[in-house]
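Please look over the protein shown here. The briefing below starts with one residue and then turns to the chain as a whole.

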Amino acid sequence: MFFYILLPVSLLAQIDLGKYGNITGSFETNNQLYVRDLKTNAVLPQDRIGSNNYLKADYRFQKISMGMQYEAYLPSIEGYPFFLNDAKLIQKYFSYQDTKFGLTVGNFYEQFGSGLVFRSWENRQLGINNAMEGINIRISPTNNFDLKIIYGKQRKNFEKSDGTIRAIDANYQIVKPAEMNHEKSLSVGASFVSRYQQYTGPNPAFKPTVNALSGRVNYADVTTNFSAEYIIKSKDEHTANQQNTNTGKALLVNYGLTKNNVGFNINLRRLENMGFRTDRNADQSLLLINYIPALTKQQEYYLSNIYVYNAQALGEIGGQADLFFNIPKNTKLGGKYGMSIAFNYARYHALQIIAQTPTSFESKFLGAGKQLYYSDINLNVKKKHTAKFTSSYLLQHIYYNKSVVEGGNYENIKSTIVVAEVLYKYATKKAFRTELQHLFTKQDKGNWFGILAEWSYAPHFSIFASDMYNYGDENKQIHYYNAGGSYTTGPHKLLVSYGRQRAGLICVGGVCRLVPAATGLNLSFTSSF
Amino acid sequence: MNLNYKSALLSFSLFVSASAYSQSLLPNIPVVNSKGISVPFKSIIDTNRVTVISFWATWCVPCINELDALQEKIDEGKATSFKLIAISTDEARTVQKVRPMVKSKGWTFDIYLDESNEIKRAFNAINIPYVIVISKGKIVYQKTGYTPGDEEVLIEKINQLNVSDNP
């Protein structure tokens, strides 16, 4: 039934309606065929197929738009935060947008400030979609002032949350630059977010409403930028925070400086009981009201994504610093094309606890506890040597408190990772790329070796093969191999691969979920129209 | 109907049906410049030139490779007149890295921010990098992903559009 609906819809979406507007959209399907794998002891699901499918379509006519999203899990891919074997037209909206006024009814996404007090978003890889269903009003009575008012429930898989959100956000531009590259800008903003969920428990003093209030300031000029945001949240006992009764507090500060070919940025963040959900019984990645990503470097190499930090909403303090600079071209070190260097350092500690009970604690606001949760230091270098030959390098050292990040009782992990990547563009549209990676550690599964080889013929073809091998594990050494290819034409891409996935954390944009070991065939297709 | 057959037939039919582009009008939503000021999306498009929009992020290596390659083409004067706009889809985790990275790279094209990914959703850019070419207010070409050499294809497309617009 799903297929027979999709085919005519996708054909219809190809038509431009001329003066009556247009229809655009996208289609995405991700499929896995699982096979038995005695090496990793991957559990074979009862239905050996996992299939996540999304069809989105939007109609636009001048200031009006409306749309829908149809999703089918036939059933959902292994490791997803929920299991579904169903299909549904799950999201729909109607919207009117003008320069001074906007109204959306139905499903929508929104963010206040950095998202630390409110963010609704979608990430299909993680299985997160906390879209609001309700009403979203945007008002801009002057060029300097913007107001957002939202009301509704969050999406929970194919249902709605038990709790209701009411929220308002205001932003005032105190100083507005006349041109983008000159003068200063200064703005202040504030948000109020309230969540109501009926309470039917035995405690008469329990408050069913949780409120959060935030204030922020943003400044930027030609060389400098500064921002700060502070949030305070009322008592919010729920499953994910082990019924902690602390008032929630968060502080995020950012400072950046740019001059000539050098850029520097530092951000600092303190979190105290900042987990915020529309259902006090939800956990993992379900029904999140706010967005608390790990403020660490997002890594692109396989072995760099084994020990990845997950932000501790109950309590953490720390930050990261980045330094980017370019050695100019036509210099001795830079060569003909120049060389780019990026340095990053991140460090997160427990809060400095002064006193503690089973459901609360008192802590020093700017103090760092002795327990180190995570630190890493990264050095990336990229140099184009000739018109055909480019090389990149990574040196990374990590301290990873596995017990805190993944839960359980483990020894802390110290590891060093080195990566060398070479790109050889031997013809105008043909290239060969290879990566060699090595992870050194005496803990956990010991040393790893990784290799990737990829050949591409622009704009349509690429094929790849890769392997990650934990040869240093005393108990079991496993090759996590993967091979496949893709065909791309314009906005459409087909990807087929076969391989073995290790159990562990998969993190996208600083938010993580645990995935089980799995082996099999993967097929994905994405199309935009 | 057997599920395997259903999925295969679905994928095949959509692959065949998705071979044409829709000449689409532009969405009426705001985009944020690097100073944090919100401006109408249509105001950043140069109606007198072909405009190329690249969705990217500071953590996306193929995205940065593509923008580096396009900057080289601009420096070499390989393309006839076009405007390049890079819209960063960096979220709260990495958005603060945009300015220092761009400054160190010395990119000469305009940078905008789409932290809430509203623009990315409106253009149905499922994965990044994602490139859109706009001519006379309409989308005339879209491309997902980047492999070395894609910039050559893009420049060829831009030059063809400029020739057809100015015969």
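In which strand of chain A is the place of E272(A)? E272(A) belongs to strand β18, which covers residues 262–272 of chain A; strands are DSSP runs of E with at least two residues, helices are runs of H or I with at least four, and both are numbered from the N terminus. This is a predicted model, in which local features need pLDDT of at least 70 and side-chain atom pairs count only at pLDDT 80 or more, while totals for chains, interfaces and linings use all residues. Residues are numbered from 1 along each chain as its sequence is written, chains are lettered from A and ligands numbered from 1 in the order in which they are written, and side-chain values use heavy atoms, without hydrogens and water.

**Surroundings of E272(A)**

- E272(A) is buried, with a relative accessibility of 4% (buried is under 20% relative accessible area, exposed over 50%, partly exposed in between, with a 1.4 Å probe and protein chains only).
- Beyond its neighbours within four places in sequence, the contacts of E272(A) include N246(A), K249(A), L314(A) and F361(A) (contact means heavy atoms within 4.5 Å).

**Chain A as a whole**

- Chain A contains 31 strands and 2 helices.
- Chain A is as compact as a globular protein of its length, because its radius of gyration is 25 Å, close to the 24 Å from the globule rule for 529 residues (taken over C-alpha atoms; the rule is 2.2 Å times the number of residues to the power 0.38).
- Along the principal axes, the C-alpha atoms of chain A fill a box of roughly 65 × 65 × 60 Å.
- Of the 529 residues in chain A, 53% are buried.
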